[in-house]
Structure formats: structure tokens, C-alpha cells
Amino acid sequence: MTFEEAKKLLSDMRAAKRRANAIKARIADIESDYASIQSSLGGDGTHGGITQSRVEQLALRVQEEREEHIRALETYFALEDKLSDALDTLEPIERDIIIGCYMDGKCNWQVGELVGLEERTVRRHKRKALQKIADML
């Protein structure tokens, strides 16, 4: 694997995690709407034998979002598994930087504050770690 491919893999992993979290937030919003509509209706929403109430539509949407969330998490975990062995070969500081930048979504300067390094040093360690990951994969 090339350096750029390793970098893209880590970026894809970060994007997959963000996507899963966004879906989770949408599910919570939909469930909140579902609960408030259902409580205000106080009964079933059948009209002439056709069950297409707003509550039922939201229930279906929640189910679809949950299924999408599961798929997003499966993608994230597959990427995480692929990187696990490579991360184990890194120096502790390099692992902290990669995890901070790619898995936690922090900027170089934020990671630098956490690990006690300047931003340019974080960039140097990150590049070195990415090269090691690329060589492993």
C-alpha cells in the first residue's frame, strides 16, 4: 500500500465514523418526532383501513435509518480491523497522533496540545506513522 492509500484509508475510516454518528443523531431526532406525534394522537392512525399515518411513516423511517446505521458501523469496524495490526507496530506517540487525527477527528494543533508537542512535530510524526502503516498494509 502506498502512503497516499494509507492516508486515504484513515480518512475513509474517519468519514465512516462521522457518517455513523450523523445517522445516529438522525435516528434520535426521528424517534423524538415519533414519540411526540404518537402521544398527541393518542390512538392509531388508520383511516379507512389504510395505515399511512405520520407516525407509521416515522416508524418506517426509523427502521431504515437504523439499518443504514448498522451498515455504516460495519464499514467503520471493517476499516478499524484492517488498521489494528498496523497501529500496534507504531511507537506510542505515533499511535496517539494517528488516533487523535484520524479516529478522533482532531486537528494537528489539538493533538499537539494533548501529547505535548508542537504542531510541526505532530505533522512529522504523523507522516512517519502513515508511512509505517502503508508499509504494513
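Colleague: What does the pLDDT average for the protein?

Modeller: This is a predicted model. The protein averages a pLDDT of 83, and 90% of the residues score at least 70.

Colleague: Which element has the lowest mean pLDDT, and which the highest?

Modeller: Helix α1 has the lowest mean, 81. Helix α4, residues 108–115, has the highest, 94.

Colleague: And where is the pLDDT below 50?

Modeller: Over residues 45–51. That stretch makes 4 contacts in the model beyond its near neighbours in sequence. Where pLDDT is low, the predicted coordinates should not be read in detail.

Colleague: Okay, the fold. How many helices and strands?

Modeller: There are 5 helices and 0 strands. From the N terminus the order is α-α-α-α-α.

Colleague: What share of the contacts is between residues 24 or more positions apart?

Modeller: 75%, counting contacts with a separation of 6 or more.

Colleague: Now the inside. What share of the residues is buried?

Modeller: Of the 137 residues, 31% count as buried.

Colleague: Which residues touch the most other members of the largest nonpolar core?

Modeller: Leu10, Ile98 and Ile133 do, in a core of 23 residues. At least two core residues come from each of α1, α2 (54–88), α3 (92–103) and α5 (119–136). Helix α1 gives the most, with 6 residues.

Colleague: Take Ile133. What does Ile133 touch, leaving out residues up to four places away in sequence?

Modeller: Ala6, Leu10, Leu83, Ala86, Leu87, Leu90 and Ile98.

Colleague: Which residues form a nonpolar patch on the surface?

Modeller: Met1, Met136 and Leu137 form one. Together they have about 240 Å² of accessible area.

Colleague: Where does Met1 sit relative to α1?

Modeller: Met1 is in the segment before α1, which spans 3–41.

Colleague: Why does Met1 count as partly exposed?

Modeller: Because its relative accessibility is 34%, and partly exposed runs between the 20% cut-off for buried and the 50% cut-off for exposed.

Colleague: How far is Met1 from Gln131 in space?

Modeller: They are 9.4 Å apart, C-alpha to C-alpha, and 130 residues apart in sequence.

Colleague: Where is Gln131 placed? And is Gln131 partly exposed or buried?

Modeller: Gln131 is in helix α5. Gln131 counts as partly exposed because its relative accessibility is 34%.

Terms used
Residues are numbered from 1 along each chain as its sequence is written. This is a predicted model: local features need pLDDT of at least 70, side-chain atom pairs count only at pLDDT 80 or more; totals for chains, interfaces and linings use all residues. Side-chain values use heavy atoms; hydrogens and water are left out. Patches are made of residues with over 30% relative accessible area and no salt bridge: like charges are joined within 9 Å, nonpolar side chains (Val, Leu, Ile, Met, Phe, Trp, Tyr) within 5 Å. Accessible areas come from the Shrake-Rupley method with a 1.4 Å probe; for residues, only the protein chains shown count as cover. A salt bridge is a side-chain nitrogen of Lys or Arg within 4 Å of a carboxyl oxygen of Asp or Glu. Helices (H or I, at least four residues) and strands (E, at least two) are DSSP runs, numbered from the N terminus. Buried means under 20% relative accessible area, exposed over 50%, partly exposed in between (1.4 Å probe, protein chains only). A nonpolar core is a set of buried Ala, Val, Leu, Ile, Met, Phe, Trp, Tyr and Cys residues joined through side-chain atoms within 4.5 Å. Contact means heavy atoms within 4.5 Å. pLDDT is the predictor's confidence in each residue, from 0 to 100.
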